[in-house]
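The entries follow in the order I took them.

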Amino acid sequence: MTVLGIDIGSRSIEVVAMDQGKVVEKRQAPTTFNPVAQLLALLDGLDAGLAVATGYGRKLVQDLDLGFPVETITEIKAHGLGAHHLFPAGRTVLDIGGQDTKALSLLPSGRVGKFEMNDRCAAGTGKFLEYTAQIFQIPVRDFGAYALGGDKPPIINSMCTVFAETEATSLMAQGVRPENIALGLHLSIARRTANMLSRVGLVLPLIFVGGVAHNPCMRQLLSEQTGAVIGETLFIPEEPDMTGALGAALWAESLGAS
């Protein structure tokens, strides 16, 4: 039986189809202002016996008549399941998404132990990077590579998106190289997330997932802040933003087998 994992996040929607333990298809689209329409377009042509939804918009899926039952699980559980499946040796997970950051410890069995989540503001999230990249008139997808051109990052005291913009503008007026300011903004996120990880009891290997895991500067700074070595004790999936949907699909498989 084919099952689906659906992750409706603030910035994007991911769908993973699994059959007998194997991923048979992956789909992704921007959430936009109409997540239901986007989801229906993603599901077009997919037949399933069961789906499990996660993400901030998971309740939306349960209200739809999709022709198959839909269950829901929390983002914490979904990311824990997906990360453990990809990297069974991992003991801590960091997920930086569009509008929240999650840190969770994994027990040897793969179950979530302790977790912490910042979802009260955009500080330290993909939205923060997207907003501050606009100051430099750089697409957010290029912001990480741009920041790696810095070598003397200034201290950015505020993690509030609005105040960080004010600080960045002030530093530009003082003649600080833009690349250094960009690096300082990334470093402020890396330090904040390192503190979150320490509060859940950071144990390596660390698994870095979520859309921000595509950012090369964040990868490097996270390695420096945690002491984790990329590829050895810092694991990053090829498609880090698909981890939640994968975890949801794995849970759907377990429900279908029970």
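I checked the accessibility of His186 first. In this predicted model, His186 has 0% relative accessibility, and since buried means under 20%, His186 counts as buried. I placed His186 in helix 7, which covers residues 178-199.

Next I listed what His186 touches, leaving aside its neighbours within four places in sequence. The contacts are Leu129, Phe143, Gly144, Ala147, Asn215, Cys217, Met218 and Leu221. I followed up Leu129, which belongs to helix 4 and is one of the residues meeting helix 7.

How are helix 4 and helix 7 packed? I read an angle of about 170° and an axis separation of 11 Å for helix 4 (residues 126-135) and helix 7. Because angles over 145 degrees count as roughly antiparallel, helix 4 is roughly antiparallel to helix 7. I noted the crossing of helix 4 and helix 7 as right-handed.

I then wrote down the residues on each side. Helix 4 contributes Phe128, Leu129 and Thr132, and helix 7 contributes Leu185, His186, Ser188 and Ile189. I sorted the residues of this contact into four nonpolar and three polar, with no charged ones.

Last, I turned to Pro30, which lies in strand 3 (residues 22-30). Its relative accessible area is 48%, so Pro30 is partly exposed. Neighbours within four places in sequence aside, I found Pro30 in contact with Arg11, Ser12 and Gln38. I also took the C-alpha separation of Pro30 and Ile13, which is 6.0 Å for residues 17 apart along the chain.

Notes: Residues numbered from 1 in each chain as written. Predicted model: local features only at pLDDT ≥ 70, side-chain atom pairs only at ≥ 80, totals over all residues. Heavy atoms only, no water. Helix = DSSP H or I, 4+ residues; strand = E, 2+ residues; numbered from the N terminus. Buried < 20%, exposed > 50% of the residue type's maximum accessible area, 1.4 Å probe, protein only. Contact = heavy atoms within 4.5 Å. Axes fitted to C-alpha atoms, helices over the stretch in contact; angles between N-to-C directions. Parallel < 35°, antiparallel > 145°, perpendicular 65-115°, else oblique. Left-handed = near helix turned anticlockwise from the far one by under 90°. Nonpolar A, V, L, I, M, F, W, Y, C, P; charged D, E, K, R; others polar.
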